[in-house]
Protein chains: 2
Amino acid sequence: MENLLLEFISKYISLTDEEKNVLLSLDLFRSVKKGTVLLKEGQNSKESYFVLKGCIRTYYILDGEEKTTAFYTEMDALTPHCVISNTPSQYYIGCIEDTILLVSNIDMEEEVNSKFPKFDTMCRMFSAELLAKNKIDFDEFKTSSPEQRYLNLLHKRPDLIQRVPQHQLASYLGIKPQSLSRLKARIIVKDKG
Amino acid sequence: MENLLLEFISKYISLTDEEKNVLLSLDLFRSVKKGTVLLKEGQNSKESYFVLKGCIRTYYILDGEEKTTAFYTEMDALTPHCVISNTPSQYYIGCIEDTILLVSNIDMEEEVNSKFPKFDTMCRMFSAELLAKNKIDFDEFKTSSPEQRYLNLLHKRPDLIQRVPQHQLASYLGIKPQSLSRLKARIIVKDKG
DNA sequence: TTTGTTTCTTAACTTAAGTGAACGTTTTAA
DNA sequence: TTAAAACGTTCACTTAAGTTAAGAAACAAA
């Protein structure tokens with residue numbers, strides 16, 4: 001796991017052995033069981049997550065209904081809005097699988113960043129990259145139909161369709177579970193014809 | 001305009017007079033006429049934009065049809081994906097109104113950031129904030145119907161509905177112009193009833 | 001193992017978005 | 001100034017998603 005982290009960081013900056021040691025001494029790794037809720041609506045957490053292995057999701061409870069909006073798998077990062085704005089969270093974060101996370105605290109991050117400007121630079125680069133990617137994902141969502149979104153997911157993140165419950169996948173695609181079932185049946189018929 | 005910029009920056013970091021002078025000496029301001037295309041599909045630009053006054057949009061041309069996915073107005077920032085990834089852009093950027101922009105080049109940014117770590121920190125904070133906000137916007141989009149999205153926009157960015165062509169607004173809401181017209185008519189009837 | 005719960009799918013019906021076309025209005029450009 | 005293009009709305013029709021309900025399958029707990 002330590003290697004996965006260092007490998008990831010090396011995409012952005014190069015670290016001295018001393019810096020590596022500082023990083024690894026911070027006790028960042030956490031194992032969480034499937035079903036664990038990491039953040040609840042209304043809470044004011046200071047934790048950010050980086051998935052080393054497994055899968056977590058963000059979801060809302062609207063009119064008593066769960067709406068899953070995002071899945072985070074290997075090498076995905078999530079800093080909840082509440083951490084940035086210091087306001088109660090609008091959404092939940094939960095574990096879909098047994099997961100190994102890298103958990104960081106915003107205060108600790110700020111401290112490390114001010115000591116090691118290099119980390120500051122890495123975070124800037126990483127955030128900017130995620131922002132640009134997220135925009136494209138959003139654009140793709142806006143410009144396509146539920147069926148296109150499903151087919152798109154099928155070849156971009158085929159693993160997700162296997163490892164994630166269908167009703168969660170449905171709200172991720174912006175539709176109801178019944179519509180996802182119907183849509184899949186429709187595609188199979190099309191393939192045959 | 002200079003004041004707007006400095007005011008904005010002061011939300012994140014405080015600058016010495018010297019730093020302010022360096023910043024203002026960089027020739028960042030650009031006036032662009034309505035209709036100007038700042039970035040075309042396939043181009044590999046290095047420019048980021050910050051809107052001081054006016055409005056720009058990102059759009060795609062899919063099957064010969066324009067699909068507008070985002071509007072950027074006063075104090076909104078946009079770093080195109082192509083700038084980050086150094087690959088050809090998938091989308092266009094165009095001016096909807098006569099606009100005053102702050103334009104920065106990625107190479108120049110990196111230089112300034114390495115000279116003034118403070119800017120690095122600011123960019124990190126700003127990117128992280130935008131990323132968290134963008135996620136919430138995306139989540140809201142996923143969890144609501146076109147009609148809810150329109151009503152939501154109506155009270156979050158009421159100016160947009162006035163200043164932007166309806167067919168561009170439609171694709172921004174993920175629907176066709178005809179559906180937007182119908183949807184608006186439907187809402188008016190509901191209000192009366 | 002049995003029971004109960006959750007999940008997934010199917011179906012019939014309702015509602016709303018997509019499509020193609022028409023038409024008046026506005027904007028643009030020659 | 002005038003002709004052409006683009007824009008916004010309405011309409012009739014088609015297609016697909018939402019809703020409600022029911023039943024089968026998978027999963028979890030007693």
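How many residues of chain A are in contact with chain B? In this predicted model, 29 residues of chain A touch 29 residues of chain B. On the chain A side, strand S4 (56-62), strand S5 (65-72), helix H3 (81-85) and H5 each put in two or more residues. H5(A) gives the most, with 17 residues. Sorted by class, that side of chain A comes out as 12 nonpolar, 10 polar and 7 charged residues.

Now for the H5 pair itself. Helix H5 (residues 117-142) of chain A and its counterpart H5 (residues 117-142) of chain B have axes that come within 8 Å and cross at roughly 30°. Angles under 35 degrees count as roughly parallel, so H5(A) is roughly parallel to H5(B). The crossing of H5(A) past H5(B) is left-handed. Residues making this contact include Cys123(A), Leu130(A), Leu131(A) and Phe138(A) from H5(A), and Cys123(B), Leu130(B), Leu131(B) and Phe138(B) from H5(B). Also among them are Asp120(A), Arg124(A) and Lys135(A), along with Asp120(B), Arg124(B) and Lys135(B). Taken by class, the H5(A)–H5(B) contact holds 12 nonpolar, 6 polar and 6 charged residues.

Then there is the DNA. Around DNA strand C sit 17 residues, and those that come nearest are His167(A), Ser181(A), Pro146(B), Ile175(B) and Ser179(B). H9(A) has the largest share, 5 residues. By class, this surface near DNA strand C splits into 6 nonpolar, 7 polar and 4 charged residues.

Conventions
Residues numbered from 1 in each chain as written. Chains lettered and ligands numbered in written order. Predicted model: local features only at pLDDT ≥ 70, side-chain atom pairs only at ≥ 80, totals over all residues. Near = placed C-beta within 6 Å. Helix = DSSP H or I, 4+ residues; strand = E, 2+ residues; numbered from the N terminus. Nonpolar A, V, L, I, M, F, W, Y, C, P; charged D, E, K, R; others polar. Axes fitted to C-alpha atoms, helices over the stretch in contact; angles between N-to-C directions. Parallel < 35°, antiparallel > 145°, perpendicular 65-115°, else oblique. Left-handed = near helix turned anticlockwise from the far one by under 90°. Contact = placed C-beta atoms within 7 Å.
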